[in-house]
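Colleague: Could we go through this model together? I would like to begin with the charged side chains and then turn to the strands.

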Amino acid sequence: MKEKETPSINENAAVIETNIGKIALFFRPEPFFISRVCFPRNHSEEESPAYEVPRLFDVIDMITDYFFGEPITTPWDILDMTPLTDKQRAVLEATERIPYGEVKSYKEMAEFIGSPRAYRFVGNTLAANPFPLLIPCHRVVRTDGAAGKFGGGADLKKRLISLERHYRFSDATFQNAGEKK
């Protein structure tokens, strides 16, 4: 597995090298808020001096650690949720509650937010999730088990689910290895 790399930070974006490629973290420095997390296809490598933004490196560490098997604790207090409706926020909050390494269907999520017929709304909200990884929309799949929409593409969604399951079950195996049967 790759070692952690130092992110490059440009104006109001940090680019993080991960096992799946580059992830861009867009932020506002004062007061600090994360505005969006993206899986960029093409990104400039021009570097500018690093910002001294409290919490930015904490978020970068969370995302980097995720790829080493560490679940992310959603940093709600620094996510800019103002462009979202109350119903969209409810979908994202419910999605954050899905345990690491598990998946739920769009239909189950619609039922969970109290709108059992709103599974398309759930899907559209998650497809437009401005904070992938920080809010784990990749853990929501179609009822038939297919990946469904994802900002980084269906293949990446499958890789993230597989990564979580790998770490979740390898940790459980390791923890149980010393127990007497």
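Colleague: Is aspartate 144 buried or exposed?

Modeller: Please keep in mind that the model is predicted. Aspartate 144 is exposed, with a relative accessible area of 54%.

Colleague: Which residue forms a salt bridge with aspartate 144?

Modeller: The partner is arginine 142, and the closest N and O atoms of the two are 2.6 Å apart. Arginine 142 is partly exposed, at a relative accessible area of 41%.

Colleague: How many salt bridges does the count come to?

Modeller: The count is four salt bridges. One of them joins the side chains of arginine 139 and glutamate 164, at 2.8 Å from N to O. That pair links distant parts of the chain, since arginine 139 lies in the loop between helix H4 (119-127) and strand E6 (140-141), while glutamate 164 belongs to helix H5 (residues 154-177), 25 residues apart.

Colleague: And are arginine 139 and glutamate 164 buried or exposed?

Modeller: Arginine 139 is buried, and glutamate 164 is buried as well.

Colleague: What about aspartate 86: which side chain does it meet in a salt bridge?

Modeller: Aspartate 86 meets arginine 89, with an N to O distance of 2.8 Å. Both residues sit in helix H2 (residues 86-96), and because they are three residues apart there, about one helical turn separates them. Aspartate 86 is exposed at 64% relative accessibility, whereas arginine 89 is partly exposed at 22%.

Colleague: Let us change topic. How many of the residues of strand E2 are buried?

Modeller: Five of the six residues in E2 (residues 13-18) are buried, so the strand is mostly covered.

Colleague: Which strand do six bridges join to E2, and do the two run parallel or antiparallel?

Modeller: The six bridges connect E2 with strand E3 (residues 21-28), and the two run antiparallel. A hairpin of two residues leads from E2 to E3.

Colleague: Which residue of E3 stands opposite glutamate 17?

Modeller: Lysine 22 takes that position.

Colleague: One last topic, the cysteines. How many disulfides does the structure hold?

Modeller: The structure holds zero disulfides.

Colleague: Where do cysteine 38 and cysteine 137 stand, then: buried or exposed?

Modeller: Cysteine 38 is partly exposed, with a relative accessible area of 23%. Cysteine 137 counts as buried, at 4% relative accessibility.

Notes:
Residues are numbered from 1 along each chain as its sequence is written. This is a predicted model: local features need pLDDT of at least 70, side-chain atom pairs count only at pLDDT 80 or more; totals for chains, interfaces and linings use all residues. Side-chain values use heavy atoms; hydrogens and water are left out. Buried means under 20% relative accessible area, exposed over 50%, partly exposed in between (1.4 Å probe, protein chains only). Helices (H or I, at least four residues) and strands (E, at least two) are DSSP runs, numbered from the N terminus. Two strands pair if DSSP finds at least two bridges between them. A disulfide is a pair of cysteine sulfur atoms within 2.5 Å.
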